[in-house]
Amino acid sequence: MKNLSNQPCLIARSLALVGDAWSMLIMRDAHAGLTRFDEFRKSLGIAPTMLTARLAALTDEGLLEKRRYSDRPPRDEYVLTEAGRDFLPVLFAIGAWGRKHRSGGNVTRFFDAETGTEIDPVTIDRETGAPVGTRPIRIAAPE
């Protein structure tokens, strides 16, 4: 995946960082308020070495910030940065796709904490106002 990080395509560059399931789920949990290693581990059931590697990558790439919350013993927490907070719509777009194509049985639902309404995200093109995916696209290589 590292070789994708130098691609001109921003989708490829982004996938180099968050293209694996563990990174996506860590970001989901960070948005849900988890900050500590043990919280992520308990929520995800992930091996400690894998979690350490993913948290380090997300921190190195600026989606999470590592902050010391205890000196004795030394303990850190992981909080969302601006880039990490900006990732939430990506997670919801994936969730909306899953709702349409992978639902069935009991599934997790997401609600707006202030209004209590279920979140039903729609991705639109800012210029045209058209929902993304309803019109053909053209990919242009860099000049």
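Helices (H or I, at least four residues) and strands (E, at least two) are DSSP runs, numbered from the N terminus. This model is predicted: local features need pLDDT of at least 70, side-chain atom pairs count only at pLDDT 80 or more, and totals for chains, interfaces and linings use all residues. Residues are numbered from 1 along each chain as its sequence is written, and side-chain values use heavy atoms, with hydrogens and water left out.

**View 1. The protein chain has 6 helices and 2 strands.** Read from the N terminus, the order of elements is α-α-α-α-β-β-α-α. Along the principal axes, the C-alpha atoms fill a box of roughly 55 × 45 × 25 Å. The chain has 143 residues, and 22% of them count as buried. Buried means under 20% relative accessible area, exposed over 50%, and partly exposed in between (1.4 Å probe, protein chains only). Contact means heavy atoms within 4.5 Å. Among contacts between residues at least 6 apart in sequence, 36% join residues at least 24 apart.

**View 2. A UniProt feature spans residues 9–106.** The unreviewed entry gives it as "domain: HTH hxlR-type". UniProt positions follow the numbering used here, feature names are shortened, and annotations may be inferred rather than shown by experiment. The span is 60% helix and 15% strand. Its end C-alpha atoms lie 36 Å apart.

**View 3. Helix H1 covers residues 10–18.** Ala12, Leu17 and Val18 are its buried residues. They pack against helix H2 (21–31) and helix H4 (48–60). Pro8 is in the segment before H1. Leaving aside residues up to four places away in sequence, Pro8 touches Arg13 and Pro142. Pro8 and Pro142 are 134 residues apart in sequence, yet 6.9 Å apart in space, C-alpha to C-alpha.

**View 4. Helices H2 and H4 pack together at about 70°.** Their axes are 10 Å apart. Axes are lines fitted to C-alpha atoms, for helices over the stretch in contact, and angles run from 0 to 180 degrees between N-to-C directions. H2 is therefore roughly perpendicular to H4. Angles under 35 degrees count as roughly parallel, over 145 as roughly antiparallel, 65 to 115 as roughly perpendicular and the rest as oblique. On the H2 side, Trp22, Ser23, Ile26 and Met27 make the contact.

**View 5. Leu51 sits in helix H4.** Leu51 counts as buried, at 0% relative accessibility. Residues up to four places away in sequence are not counted here: Leu51 touches Ile26, Phe37, Phe40, Arg41 and Ile46. Thr117 is 66 residues from Leu51 along the chain, and their C-alpha atoms are separated by 32 Å.

**View 6. Ala30 belongs to helix H2.** Ala30 is buried, with a relative accessible area of 8%. Beyond residues up to four places away in sequence, Ala30 touches Phe40, Leu64 and Leu80. Leu88 is 58 residues from Ala30 along the chain, and the two C-alpha atoms are separated by 9.9 Å.

**View 7. Thr35 lies in the loop between H2 and helix H3 (37–44).** Thr35 counts as buried, at 18% relative accessibility. With residues up to four places away in sequence left out, Thr35 touches Phe40, Glu77, Tyr78 and Val79.

**View 8. The charged end of Arg36 sits over the ring of Tyr69.** The distance to the ring centre is 3.7 Å. A charge sits over a ring if NZ of Lys or CZ of Arg is within 6 Å of the ring centre and within 35 degrees of the ring normal.

**View 9. The peptide bond from Arg72 to Pro73 is cis.** Its omega is near -5°. Pro73 is in the loop between strand S1 (64–71) and strand S2 (74–80).

**View 10. A search of the whole structure finds 1 aromatic pair.** The ring centres of Phe92 and Phe110 are 5.2 Å apart and the planes are at 80°, so the pair is edge-to-face. Rings of Phe, Tyr and Trp (its six-membered ring) pair if their centres lie within 6.5 Å; planes under 30 degrees apart count as stacked, over 60 as edge-to-face and the rest as tilted. Phe92 lies in helix H6 (residues 88–101) and Phe110 in the segment after H6, so the pair ties together parts that are 18 residues apart in sequence. Phe92 counts as buried, at 18% relative accessibility. Phe110 is partly exposed, with a relative accessible area of 36%.
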